[in-house]
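Me: Hi, I'm new to this one. Could you walk me through it?
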Amino acid sequence: MSYSNSSMGSGSRTARRTIEFGRTYVVRPKGKHQATIVWLHGLGDNGSSSSQLLESLPLPNIKWICPTAPTRPVAILGGFPCTAWFDAGDLTEDGPDDVEGLDASAAHIANLLSTEPADIKLGIGGFSMGAATALYSATCFSQGKYGNGYPYQINLKAIIGLSGWLPCSRSLRSKIEGSNEAARRAASLPILLCHGKCDDVVPYKHGERSTNALTSAGFRYVGFKIYDGIGHYTVPKEMDDVCNWLNSRLVLEGSRF
């Protein structure tokens, strides 16, 4: 059996179970198309709500692709099924990582980006569990392969994680330090992490630890923005910071920032 809709152009091949992803929503650029970013929703959400938020941003040269995660039982919810990019039992550093689920979602995202024109800059962003999946994709890019060993073939230029965490952080440093090419790719990839200081769903400490883990593994361009008094949600100031960061990192024309 294979991952549904996740193998073409992504470097992923067959795997153990079929995973059905939901509907994908696309926000077309209002100006000259210069970048494409896949944006990943949080646990229990869908691509439609992401597209509505992103459509209002003053970034006319970005195409946003907003997929919907598969519906699956989630351990942290007592096995209740909902849309989730991977299974999560707890968010502690010692908790198990669903590498199979992470690989399936990372391959699906890579597949969505694989048909973009060669001159378009590619990125991944997300909120909460979507942010965790974006950061996992960043580690796949740096290592040049998924957790299952199959090649990762997308050239990423930007990663954004809002109110999220870094899966598989324990072994990241040793894996990247063991390869000069992985270290080079990690050092080249800009990452922006944002987190509310009062987040009671994904506590702020996870954003802080993720930042430290990425930096110690060799990711040189990791920005970490903190928002006092903010919980597990986005606010206009945060989205302004995202727009500013994307404009500076991707050098977009026609942006109001």
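Here is a short chat about the sheet, the helices on it and some ring contacts.

Reply: Happy to! Keep in mind that this is a predicted model.

Me: Great. In what order do the strands of the open sheet come?
Reply: The order is β1-β3-β2-β6-β7-β8-β9, 7 strands with mixed pairing. At the edges are β1 (25–27) and β9 (222–227), each of which pairs on one side only. From one strand to the next, the twist averages 15°.

Me: And β2 with β3, parallel or antiparallel?
Reply: Parallel: residues 35–40 (β2) and 62–66 (β3) pair over 4 bridges. Within that pairing, Ile37 is opposite Trp64 in β3.

Me: Which strands does helix α2 lie across?
Reply: Helix α2 (residues 99–113) lies across β2, β3, β6 and β7, and runs at about 155° to β2. Helix α7 (residues 236–250) packs on the sheet too, touching β2, β3, β6, β7, β8 and β9. The direction of α7 makes about 170° with that of β7.

Me: Switching to rings: how many aromatic pairs are there?
Reply: A search of the whole structure gives 5. One of them is Phe86 with Trp165: the ring centres are 6.1 Å apart and the planes are at 70°, so this pair is edge-to-face.

Me: Where do Phe86 and Trp165 lie?
Reply: Phe86 is in the loop between β5 and α2, and Trp165 is in the loop between β7 and α4, so the pair ties together parts 79 residues apart in sequence.

Me: Are those two buried or exposed?
Reply: Phe86 counts as buried because its relative accessibility is 4%. Trp165 counts as buried as well, at 11%.

Me: Last one: what sits over the ring of Tyr204?
Reply: The charged end of Lys197, 5.1 Å from the ring's centre.

Technical notes
Residues numbered from 1 in each chain as written. Predicted model: local features only at pLDDT ≥ 70, side-chain atom pairs only at ≥ 80, totals over all residues. Heavy atoms only, no water. Pairing = 2+ DSSP bridges. Helix = DSSP H or I, 4+ residues; strand = E, 2+ residues; numbered from the N terminus. Axes fitted to C-alpha atoms, helices over the stretch in contact; angles between N-to-C directions. Contact = heavy atoms within 4.5 Å. Phe/Tyr/Trp six-rings, centres within 6.5 Å; stacked < 30°, edge-to-face > 60°. Buried < 20%, exposed > 50% of the residue type's maximum accessible area, 1.4 Å probe, protein only. Lys NZ or Arg CZ within 6 Å of the ring centre and 35° of its normal.
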